[in-house]
Amino acid sequence: QVQLVESGGGLVQAGGSLRLSCAASGRTFSSYSMGWFRQAPGKEREFVAVISWRGGSTYYSDSVKCRFTISRDNSKKTVYLQMNSLKPEDTAVYYCNAVDYNDPSTNFGSWGQGTQVTVSS
């Protein structure tokens, strides 16, 4: 099973940028699609973005489309989330996981502790 550690979160003003990283362990990382998710206080975890195992295909939730970019480096077993034009409603704990590209609710790894992103207005 894929183990995951997220990092890169922090406090940023609205309109600012952050780059999240997700480091994975396990020999099969490069064979998995990878997804980013977030959970705001009092809300359920929601899908943010997914990238195919080779990185050739990506898909985003409507709420982050054109602002966030997901990418991966299989040689480093790491997936990234570049977040631009951040809004207060992006405030959440962000998680990554190995997922089914066509159904990101299906995951194959252990959830990490996530990384907190706080956007001030």
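Contact here means heavy atoms within 4.5 Å. By that criterion, and not counting residues up to four places away in sequence, Leu81 touches Leu18, Arg19, Leu20, Trp36, Val48, Ala49, Phe68, Thr69, Ile70 and Tyr94. The model is a predicted one, in which local features need pLDDT of at least 70 and side-chain atom pairs count only at pLDDT 80 or more, while totals for chains, interfaces and linings use all residues. Residues are numbered from 1 along each chain as its sequence is written, and side-chain values use heavy atoms, with hydrogens and water left out.

Leu81 also belongs to the largest nonpolar core, a set of 27 residues. A nonpolar core is a set of buried Ala, Val, Leu, Ile, Met, Phe, Trp, Tyr and Cys residues joined through side-chain atoms within 4.5 Å. Buried stands for under 20% relative accessible area, exposed for over 50%, and partly exposed for values in between, with a 1.4 Å probe and protein chains only. The residues with the most contacts inside this core are Trp36, Leu81, Met83 and Tyr94. At least two core residues come from each of strand 3, strand 4 (33-39), strand 5 (46-51), strand 7, strand 8, strand 9 and strand 11 (115-120). Strands are DSSP runs of E with at least two residues, helices are runs of H or I with at least four, and both are numbered from the N terminus. In soluble globular proteins, nonpolar side chains tend to be buried together.

An open sheet is formed by 4 strands in the order 1-3-8-7, with antiparallel pairing. Its edges are strand 1 (3-7) and strand 7 (68-73), each of which pairs on one side only. From one strand to the next the twist averages 15°; axes are lines fitted to C-alpha atoms, for helices over the stretch in contact, and angles run from 0 to 180 degrees between N-to-C directions. Two strands count as paired if DSSP finds at least two bridges between them. Strand 7 and strand 8 (residues 78-83) are antiparallel and share 6 bridges. Strands of a sheet pair through backbone hydrogen bonds, either parallel or antiparallel.

Strand 9 and strand 10 (residues 103-107) also run antiparallel, joined by 2 bridges. A hairpin connects strand 9 to strand 10 through 2 residues, and Val99 stands opposite Asn107 in strand 10.

The whole structure contains 1 disulfide, a disulfide being a pair of cysteine sulfur atoms within 2.5 Å. Cys22 is joined to Cys96, with an S to S distance of 1.8 Å. The link of Cys22 and Cys96 is right-handed, with 60° about the S-S bond. It connects distant parts of the chain, as Cys22 is in strand 3 (residues 18-25) and Cys96 in strand 9 (residues 92-100), 74 residues apart. Cys22 is buried at a relative accessible area of 0%, and Cys96 is buried with a value of 0%.

Cys66 lies in the loop between strand 6 (58-60) and strand 7. Cys66 is exposed, with a relative accessible area of 81%. Its phi is positive, about 75°, although Cys66 is not a glycine. Lys77, in the loop between strand 7 and strand 8, is not a glycine either and has a positive phi of about 50°. At 29% relative accessibility, Lys77 counts as partly exposed. Most residues other than glycine have a negative phi, and most peptide bonds are trans.

Two threonines have side chains with polar contacts to the backbone. A polar contact is a pair of N or O atoms within 3.5 Å; within protein, one must be able to donate a hydrogen and the other to accept it, and residues adjacent in sequence count only if both atoms are side-chain atoms. Thr91 is in the loop between strand 8 and strand 9. A polar atom of its side chain lies 2.9 Å from the backbone oxygen of Pro88, and the Thr91 side chain also reaches the backbone nitrogen of Val119 at 2.9 Å. Leaving aside neighbours within four places in sequence, Thr91 is in contact with Ala40, Gln116, Val117, Thr118 and Val119.

Thr115 lies in strand 11 and is buried, at 8% relative accessibility. A polar atom of the Thr115 side chain is 2.9 Å from the backbone nitrogen of Gly9. Beyond residues up to four places away in sequence, Thr115 touches Glu6, Ser7, Gly8, Gly9, Leu20, Ala92, Val93 and Tyr94.
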